[in-house]
Amino acid sequence: MSVDKSAPIMVLESDDTWMEEEVKKKVWTGPLDQAIKMVDALYNWGRRSSIWPMQFGLACCAIEMIASGGGRFDIARFGSELFRPSPRQADLMIVAGTVTKKMVPAIVRLYNQMAEPKYVLAMGACASAGGPFKEGYNVVSGIDKFLPVDVYVPGCPPTPQALLMGLIMLQRKIDGQTVRNVPWYQAEAHEAVPEPILGPDIFDPRRAVEIKQVSSNEKEMEARYIRLAARAELKHGKKEGEEGEAKPTPKPAARPAAAAGATAAKPTAAAPRTAPAAAAPKPTETEKAAAGSGATGKQDPAPVAAPMPPRSEAEQKLEENKADANFAQQAEAHHAQTAQAETPKVETLKTENTSNEPSNDGDKST
C-alpha cells in the first residue's frame, strides 16, 4: 500500500472531528437550491429528449406531420419518432388540421386521458385560429378555446421544417421548467377539462348556467340578434368600400388609327347644326340686391365646413351603448310587425285552399 507522503498530516482532536471531515469529503453538503438545479437539469434533459407525440391527424396538416417522420427531415433527431397510438403513452398532442365542432369532444377526451406532463402543439392556421374556415358554421376558431396550447406553428399547411422548429421551441420551454412549480407536482387537486356538449351548437358545460339565463330572456336574445346583424352589415359595408377604393377607374379605350383615318376620310353629307345657345339664367334676389348695392361682380367664397374632430374611444362606446339600449324596443316592435304581417298570409292561404278544392258537381259531370 503506497502512502502519499506529500499530503499534509492532519491532527484531529477526536473521532467526531475525523468523522465530520470524512463526511465533507464524500457527501455533498451544499445548499438545497443547487441540488434542485441539478435535479431540474437532469430531469428536463430526459423529458425534452424523449417527447412522444400522439398518433392522430385531422386534415392536410397531418400529411406534413407524417413527412417530418421520414428520412429527409428525420424527427428522430429530437427523440420524437415514436408516435404512440395510445394517449396514455403520449407526451405531446399535435393538433394537425381543421378542428370541427363534431371533433372537439373527442380531442378533449383524448387530452384528458394523457398522463402528466403533457403538452399541446397547434399545427397550422386552422388549429390555431380557424384558418380559411374561420367564418364556417361547423369550424372552431382555434383549439385554444378548449385546451391549453403551449406552441403555435403558423402556416397553411406548415412545412415539416416549421413543425421541427415548433418542437425545438417546446424543448426550450421544458428546459425552463422546475420541479418546484410544475402543476403535476403540486398538492392541489387537478380537474380534467370538461368535454364540450355538441347539440344545435357546441358549448362549454362550465357556462351552462349563463347560457340558460340568457336564452330564457327573450328580449336579451332579440337584442343580441339585432346587434349581431348590425355588426355584420357594418362589416360587409366596410369590405365593399375597401374593394371600391382598391379598384382603379377604367380608362377609355383608344380608337385604332385605321378606323380613325377611315372615319376622317368620309365626306359629310351636310354640315352639322349648331346647338342653340342656352338661355341665360335669371338673376336671383341676392344677385339683384348685390347689384343694387353697388357691389362688384365677385362673389364671396362659400364657407368651408370645419372638419369634425376625431371622436375618442369613450365617446364611440357611449354611442354604441345608447344604440344598444334601443335594441330591445326595436326587437319588440319588429316582432309585433312580423306577427301582424303573418296573420293575413295565413287567412289568404286558407281561402286559396278552399277555392282550389274540386266540387262534387264537377266530378259527376266528368
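Is Asp204 buried or exposed? Asp204 counts as buried, at 15% relative accessibility. The legends below describe close-up views of a predicted model.

**View 1. Arg206 and Asp204 form a salt bridge.** Their side chains meet at 2.8 Å, N to O. Arg206 is exposed, with a relative accessible area of 60%. Asp204, in contrast, is buried.

**View 2. Glu195 and Arg109 form a salt bridge.** The N to O distance is 3.2 Å. Glu195 sits in the loop between helix 6 and strand 4, and Arg109 in helix 4, so the pair ties together parts that are 86 residues apart in sequence. Glu195 is partly exposed, at 32%. Arg109 is partly exposed too, at 38%.

**View 3. Asp150 and Lys173 form a salt bridge.** Here the side chains meet at 2.6 Å, N to O. Asp150 lies in the loop between helix 5 and strand 3, while Lys173 belongs to helix 6. The two are 23 residues apart.

**View 4. The largest nonpolar core has 22 residues.** Met65, Leu92, Ile94, Ala96, Leu121, Met123 and Leu170 touch the most other members. Helix 3, strands 1, 2 and 3, and helix 6 each supply at least two residues. Helix 6 gives the most, with five. Beyond its close sequence neighbours, Leu92 contacts residues including Ile51, Trp52, Tyr119 and Leu167.

**View 5. The largest pocket holds about 850 Å³ of space.** It is lined by 19 residues. Asp201, Ile202, Phe203, Arg207 and Ile211 lie nearest its centre. The lining has ten nonpolar, two polar and seven charged residues.

Notes: Residues are numbered from 1 along each chain as its sequence is written. This is a predicted model: local features need pLDDT of at least 70, side-chain atom pairs count only at pLDDT 80 or more; totals for chains, interfaces and linings use all residues. Side-chain values use heavy atoms; hydrogens and water are left out. A nonpolar core is a set of buried Ala, Val, Leu, Ile, Met, Phe, Trp, Tyr and Cys residues joined through side-chain atoms within 4.5 Å. Buried means under 20% relative accessible area, exposed over 50%, partly exposed in between (1.4 Å probe, protein chains only). Helices (H or I, at least four residues) and strands (E, at least two) are DSSP runs, numbered from the N terminus. Contact means heavy atoms within 4.5 Å. On a 1 Å grid over the protein atoms alone, a cavity is a set of points where a 1.4 Å probe fits but cannot get out, and a pocket is an open set with protein on both sides within 12 Å along at least five of seven lines; lining residues have an atom within 4 Å of a point. Grid points are joined across faces, edges and corners, and a volume is the space filled by probe spheres set on the points. Ala, Val, Leu, Ile, Met, Phe, Trp, Tyr, Cys and Pro count as nonpolar, Asp, Glu, Lys and Arg as charged, and the others, Gly among them, as polar. A salt bridge is a side-chain nitrogen of Lys or Arg within 4 Å of a carboxyl oxygen of Asp or Glu. Lists of a residue's contacts leave out its neighbours within four places in sequence.
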